[in-house]
Amino acid sequence: MAEEKNLITEKDVKKSWLRYYFFAETGISYERLQALGFCMALIPILKKLYKKKEDFAAALKRHMVFYNTEAVFGSVINGITIAMEEQKAKGAPIEDETITSVKSGLMGPMAGIGDSLDWATLKPIIFALGATLSAQGNPIGCFVLLLLPIIQIVIGTNLAALGYRKGRSSVRSILGSGKIKQLLTAASALGIYMMGALSSTYVSLSTPLKFSFGEGNEPYVIQNILDGIVPGLLPLLAVLGVYWWLSKKNQNMVVIMLMIVAVSLAGAFLGIF
């Protein structure tokens, strides 16, 4: 057991994933996508495991096949792959196709988790917070963006180490524990809350319409009536309207943006908004 531990350390695994994190999107092609970055990240590991030139070349070749996943939460695949390569280098009966199949089988599930948590929830919240602070003249706003890579690196290095320690069983424990579903639900709720708060801050819509009934009577200001019902009702209706429009199939974002501009100009010209 002592000899096994000396081949690869968790520090090696974390450093390997960091290389992948920074270079995963380099050298992308339709044939291989992230394979070049993944293979490059494994080179220091493979050099430790395979001293013979032909074995090292064979390892490089099997990791140059198509590979594509979300780099942060997909880091568990890096750890599992390194664990399998280590066992293969020690003489375990692990075929090349087995390593490739494990990688291919995990690409989709981990990409789904990573895209939902990392890019669809964490990134918009952090960037929106940074934009809000910057718009208020707070210099901290530009540094808030650094939270994203910091959090990604913490998550990625730890998941890579987890994948290495537990091998293929780590993914089963992650997916089967139910914690991912709870995390996705909590992240979605937080994302909706933040988007709602930001919508009320950035979407500005009011109407100058007012009506007078008889001389000497105070005019009825429509905006005051709406604010008495629900403050910010018009911005809320605008956001819900755009959301409903986006929920329809095959919607074009450019067309929607142009329609918003057209309606805004027409409303301003007619004195409605």
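**Salt bridges and core**

Modeller: Let's start with glutamate 85, which is buried at a relative accessible area of 1%. Keep in mind that this is a predicted model.

Colleague: Okay, which residue does glutamate 85 meet in a salt bridge?
Modeller: That would be arginine 62, with N to O at 2.8 Å. The two come from distant parts of the chain: arginine 62 sits in helix 4, glutamate 85 in helix 5, and they are 23 residues apart.

Colleague: And is arginine 62 buried or exposed?
Modeller: Arginine 62 counts as buried, because its relative accessibility is 7% and the cut-off for buried is under 20%.

Colleague: What else does arginine 62 form a salt bridge with?
Modeller: Aspartate 96, where the closest N and O atoms are 3.2 Å apart. Aspartate 96 is in helix 6 and arginine 62 in helix 4, so this pair ties together parts 34 residues apart in sequence. Aspartate 96 itself is partly exposed, at 27%. Arg62, Glu85, Asp96 and also Lys88 are linked in a network of salt bridges.

Colleague: How many salt bridges are there in the whole structure?
Modeller: Five. One of them joins the side chains of aspartate 12 and lysine 48, at 2.8 Å from N to O. That one links helix 2, which holds aspartate 12, to helix 3, which holds lysine 48, across 36 residues. Aspartate 12 counts as buried at 15% relative accessibility, while lysine 48 is partly exposed at 38%.

Colleague: Which residues touch the most other members of the largest nonpolar core?
Modeller: Ile8, Tyr20, Tyr67 and Ile82, out of 38 residues in that core. Elements giving two or more residues to this core include helix 2, helix 3 and helix 5. Leaving aside neighbours within four places in sequence, isoleucine 82 is in contact with Ile8, Val13, Ser16, Leu42, Ile45 and Tyr164.

Colleague: Nice. What secondary structure does the chain have?
Modeller: It comes to 13 helices and two strands. Of its 273 residues, 33% count as buried.

Colleague: Where does UniProt place the feature "transmembrane region"?
Modeller: The unreviewed UniProt entry puts it at residues 143–162, 183–205, 225–246 and 253–272. In the model, residues 143–162 are 90% helix, with end C-alpha atoms 30 Å apart. Residues 225–246 are 86% helix, and their end C-alpha atoms lie 29 Å apart.

Key. Residues are numbered from 1 along each chain as its sequence is written. This is a predicted model: local features need pLDDT of at least 70, side-chain atom pairs count only at pLDDT 80 or more; totals for chains, interfaces and linings use all residues. Side-chain values use heavy atoms; hydrogens and water are left out. A nonpolar core is a set of buried Ala, Val, Leu, Ile, Met, Phe, Trp, Tyr and Cys residues joined through side-chain atoms within 4.5 Å. Buried means under 20% relative accessible area, exposed over 50%, partly exposed in between (1.4 Å probe, protein chains only). Helices (H or I, at least four residues) and strands (E, at least two) are DSSP runs, numbered from the N terminus. Contact means heavy atoms within 4.5 Å. UniProt positions are given in the numbering used here, feature names are shortened, and annotations may be inferred rather than shown by experiment. A salt bridge is a side-chain nitrogen of Lys or Arg within 4 Å of a carboxyl oxygen of Asp or Glu.
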